[in-house]
Amino acid sequence: MSVLIKNGRVITASEDYTADILIEGEKISAIGKNLSSETTHALSPEEIDATGKLIFPGGIDPHVHLDMPFMGTFSSDNYETGTLAALHGGTTMVIDFILQTQGKSLHNALDEWRSRSDGNCYGDYSFHMAVTDFNDDTKKEIKDLIDKEGITSFKTFMAYKGALMIDDRQMIGLMNEVRDRGGIVTVHATNGDMIDFLIAKHRAEGKLSPLYHYLSQPEITESEAAGRFADMAFYTDVPAYIVHLTCEGALNQVRDATERNQKIFVETCIQYLILDASLYEKDFEGAKWVMSPPLREKKDQATLWAGINQGLVQVVGTDHCPFEWNKKLMGEKDFSKIPNGHPAIENRMELLYSEGVEKGRISLNKYVEVTSTNAAKIFGMFPQKGTIGIGADADIVIFDPKKKHKISAKTHHMNVDYSGYEGWEVTGKVETVLLRGKVAIDNGKEKIKKGYGKFVKRGKVSKVI
Ligand code: DUC
Ligand code: ZN
Ligand code: ZN
């Protein structure tokens, strides 16, 4: 089976040209002018006319939580609905998080996550392993996860004490082991003790609305942890990545680290670029945006956009972690019981194009870098994923840059009954999505079946990309 995409404007992290792309099987086999079945000898390829369209590498969202047990419930998108919604939005691969249960092994958690994900995905996927209990036994599992399972990134939490948080002693131990085995340590960098103190204080004062979720996690709780993490990563010389960085103070810690030639990779998420904390003033409706870290100020948005262009922020993900409204209501009388997270897996590519490229904040090449290429490089999948090149997986988005549409929970594919972006007008629409050579989505219609999505084993990583 072959596919020939004709006359699209191909955008990679460094190139921009009009060409035809031939796909044979799961891979891109030729890129050039005037390709046809005669010139390539491909047997009657299915032709797609992409005149006037942009061609991007399939989006990679390295920060999603599907079917995840959290705060007394499960995130409402499972592997089926979540990866399908991702494909509708131009994201062909996600990296989800396995959470170790404290007192149990990493492999135990891997088995549990596989029992929910295996055979259920539409899109391709991988896992980060969240280490919530680093000890001598856990340490022995790291090598196996990297060498045998292709899980090369290890997530840590500096917050959520008693459930997910590890202390600095464990962090240093994990960093040493991961460095020796060829992996990367990633972090939710906020100061859990400071946050727990502020939550308890607000609750004791009867301050229980969603606004106090925001006020319990001020910028300093994030900048302090980002700086501490950067120092520990420098000391142990481990490849390091901060997930969902939201604010000026934390990015300045990363900027300072560059002075000693240290590279800390930084991910922000679409919501931190385009939404701000004024949404928490909408009484309980603010629960839609209760996530950790919380939305920040306009000045932080400006810092993050600049950070992308300065090369300090390499990735824009989502931290997709949706909860139905009736689950958000668990915290109606107490913000600390609102399940943290919001839906965005389907919206990231179109929102970033509209707010970033269309509004002149980032270039087309930068767009591809932060939505796909850099994640593939940082997490050990490049050039199989993350680019359009001969021999790469044919994960391709055909994008109409002119088409305007509105985001709504009525039309989205995510399994959640509200949208954090209801009524947003977006310029640019995902038209056709190919995943490993197969048309997966065509004009809003799915063309593949559950189970087509494959687990992607990832390679070793390094401190620079
Ligand atoms: N933050 C969220 O908002 N949800 C899931 C986990 C996290 O760190
Ligand atoms: Zn987090
Ligand atoms: Zn997360």
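# Worked exercises: loops, zincs and rings

P293 is placed in the loop between α10 (270-274) and α11; helices (H or I, at least four residues) and strands (E, at least two) are DSSP runs, numbered from the N terminus. The model is predicted, so to speak of local features takes pLDDT of at least 70 and side-chain atom pairs count only at pLDDT 80 or more, while totals for chains, interfaces and linings use all residues. Residues are numbered from 1 along each chain as written, chains are lettered from A and ligands numbered from 1 in written order, and side-chain values use heavy atoms, without hydrogens or water.

**Exercise 1. The zinc pair**

Which protein atoms are donors of the zinc ion (ligand 2), and which residues are donors of the zinc ion (ligand 3)? How far apart are the two ions?

*Solution.* 
- Step 1: start with ligand 2. ND1 of H188 and NE2 of H244 are its protein donors, 2.1 Å from the zinc ion. Donors are N, O and S atoms within 2.8 Å of the metal (3.2 Å for Na, K and Ca); water is not among the atoms, so sites may look incomplete.
- Step 2: look at accessibility. H188 comes out buried at 3%, and H244 is buried too at 2% relative accessibility. The cut-offs are under 20% relative accessible area for buried, over 50% for exposed and partly exposed in between (1.4 Å probe, protein chains only).
- Step 3: turn to ligand 3. Its protein donors are H63 (NE2), H65 (NE2) and D319 (OD), at 2.0 to 2.1 Å. Along the chain they follow the spacing H-x1-H-x253-D.
- Step 4: H65 is in the loop between β6 (59-64) and β7 (69-70), while D319 is in the loop between β15 (315-317) and α12 (325-328), 254 residues apart. Both H65 and D319 are buried.
- Step 5: take the distance between the ions. It is 3.6 Å.

**Exercise 2. Helix against helix**

At what angle do the axes of α9 and α11 cross, and which residues meet?

*Solution.* 
- Step 1: get the geometry. The axes of α9 and α11 (residues 298-309) come within 9 Å and cross at roughly 30 degrees. Axes are lines fitted to C-alpha atoms, for helices over the stretch in contact, with angles from 0 to 180 degrees between N-to-C directions.
- Step 2: classify it. That angle makes α9 roughly parallel to α11 (under 35 degrees; over 145 is roughly antiparallel, 65 to 115 roughly perpendicular, the rest oblique).
- Step 3: list the contacts (heavy atoms within 4.5 Å). From α9, E248, L251 and R255 meet K299, D300, T303 and G307 of α11.

**Exercise 3. Rings**

How are the rings of Y353 and Y367 arranged, stacked or edge-to-face? Which residues form the cluster that holds them?

*Solution.* 
- Step 1: apply the pair rule. Rings of Phe, Tyr and Trp (its six-membered ring) pair if their centres lie within 6.5 Å; planes under 30 degrees apart are stacked, over 60 edge-to-face, the rest tilted. The count is 15 aromatic pairs.
- Step 2: inspect this one. The centres of Y353 and Y367 are 5.8 Å apart with 90 degrees between the planes, hence edge-to-face.
- Step 3: locate them. Y353 is in helix α13 (residues 348-358) and Y367 in helix α14 (residues 364-378), 14 residues apart. Y353 is buried at 5%, and Y367 is buried at 0%.
- Step 4: widen the view. F56, Y353, Y367 and F399 make up one aromatic cluster.
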